[in-house]
Amino acid sequence: MKASRKSHVPRGGRPRGGWPARDSLDNFLKVVSGVIPLLDSVKESLEESTGSIPKASRQLDNVTKATESATVEILDLLERMSARVDTLGKAIVGVRAASREGEIRLAAMDALIAPLAMSNPEVHARWCEFRKSPGCLALPASLDAEFDALRTDTMNIGMALQVQDITTQQIAGVSHMIESIRMNLAEVLQSFSEGERTSPPEQTKSRPADPNGRFNGDAEYSRMPDRQEDADEIVERWKRGNHA
Amino acid sequence: MATTKFLIVDDSLTMRRIVINTLKSIGFENVIEAADGKDAMAKLLSEGAEFLITDWNMPEMSGLDLVKWARASEQFADMPILMITTRGNKDDVIEAMKMRVNNYIVKPFTAPGLKEKIDQILKSVGAGAA
């Protein structure tokens, strides 16, 4: 018998090597059926993360509001303190003026008493004792310096509160980044839903296209003078250039 | 007591109060304030001012846009303007100078630093310092 060309597929059976395309498809379907729950889990996780972002943003807003309100309270106190310091300062000026007036009167008394004191040692001793008594004159000279230091310290506490504005801008920068992440996550979530597009929340819509106009996320609180010195140098060069 | 009328523009109430308190401590009592560029425009037109101190980053209208507007106007083209901002990059300072601000302070500022800049500006425009 002439050997016929054998088919690779025996009747009613599968090829010896199996169905390559069908096997691949089976494998693919197995993988897909394994991936679907995984994708569902990813979707759930994304929904949860996206849902919690507004809460994070609200918490940051609350931090900003709380620090602003605390700063306002501190400023109120400082302004009251400054007013009291000014009142005390005026009182000291008044005491100093009275003291100068007293010196003049004492000098006049000196002139009157001198002849009497020369002839009477007891009068002389009593008068000298009186002149040395602290109640008679003079606030300590150091009081002015202490007072200036108090005034400067009060002012410096106020100046340090600039940190509130700077951290507010930093927080606004972080909030904006968080919002961008939320929007990206929302887009990924939309791609899970077939053709179902949900509009972004109002909070997102109200954000400006150019957030740099509203805040500076790179703001930093540094007491080092180098940033101001750099700015001064640029300003000076600019002015010289323009006047040259 | 110096009589120069200042307009302080900053969206931060804290910063406005700090600047105003500092101005008062160095002898400038005549001060009005605005919370952003638009508010400042309205105040300048209704109440007027002789010296503008403005922040850069603000809602509604930025300080830089306010400076552009002032320089383009006939009334405020030569008004002394000091910018006080957190933006300390070289490009930012140059951009502000291009808009013809008179001087530039990087936050956080100090009272002597503010006084020095105000005195420099008033001297350069021929007005009396504190």
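The model is predicted: local features need pLDDT of at least 70, side-chain atom pairs count only at pLDDT 80 or more, and totals for chains, interfaces and linings use all residues. Residues are numbered from 1 along each chain as its sequence is written, chains are lettered from A and ligands numbered from 1 in the order in which they are written, and side-chain values use heavy atoms, with hydrogens and water left out.

A salt bridge is here a side-chain nitrogen of Lys or Arg within 4 Å of a carboxyl oxygen of Asp or Glu. Helices (H or I, at least four residues) are DSSP runs, as are strands (E, at least two), and both are numbered from the N terminus. Relative accessible area sets the exposure classes: buried is under 20%, exposed is over 50%, and partly exposed lies in between (1.4 Å probe, protein chains only).

In helix H2 (residues 121–132) of chain A, Arg126(A) and Glu122(A) stand 4 residues apart, about one turn of the helix. Their side chains form a salt bridge with an N to O distance of 3.6 Å. Arg126(A) is exposed because its relative accessibility is 56%, and Glu122(A) is exposed at 51%.

Helix H3 (residues 142–160) of chain A holds Arg151(A) and Asp148(A), with a separation of 3 residues, about one turn of the helix. The salt bridge between their side chains spans 3.8 Å, N to O. At a relative accessibility of 35%, Arg151(A) is partly exposed; Asp148(A), at 43%, is also partly exposed.

In helix H6 (residues 226–243) of chain A, Arg237(A) and Glu233(A) lie 4 residues apart, about one turn of the helix. A salt bridge of 3.5 Å, N to O, joins their side chains. Arg237(A) counts as partly exposed because its relative accessible area is 44%, and Glu233(A) counts as partly exposed at 46%. Elsewhere, Asp165(A), Asp10(B), Asp55(B) and Lys107(B) belong to one network, joined by salt bridges that share partners.

Phe28(A) belongs to helix H1 (residues 20–119) of chain A and is exposed, with a relative accessible area of 51%.
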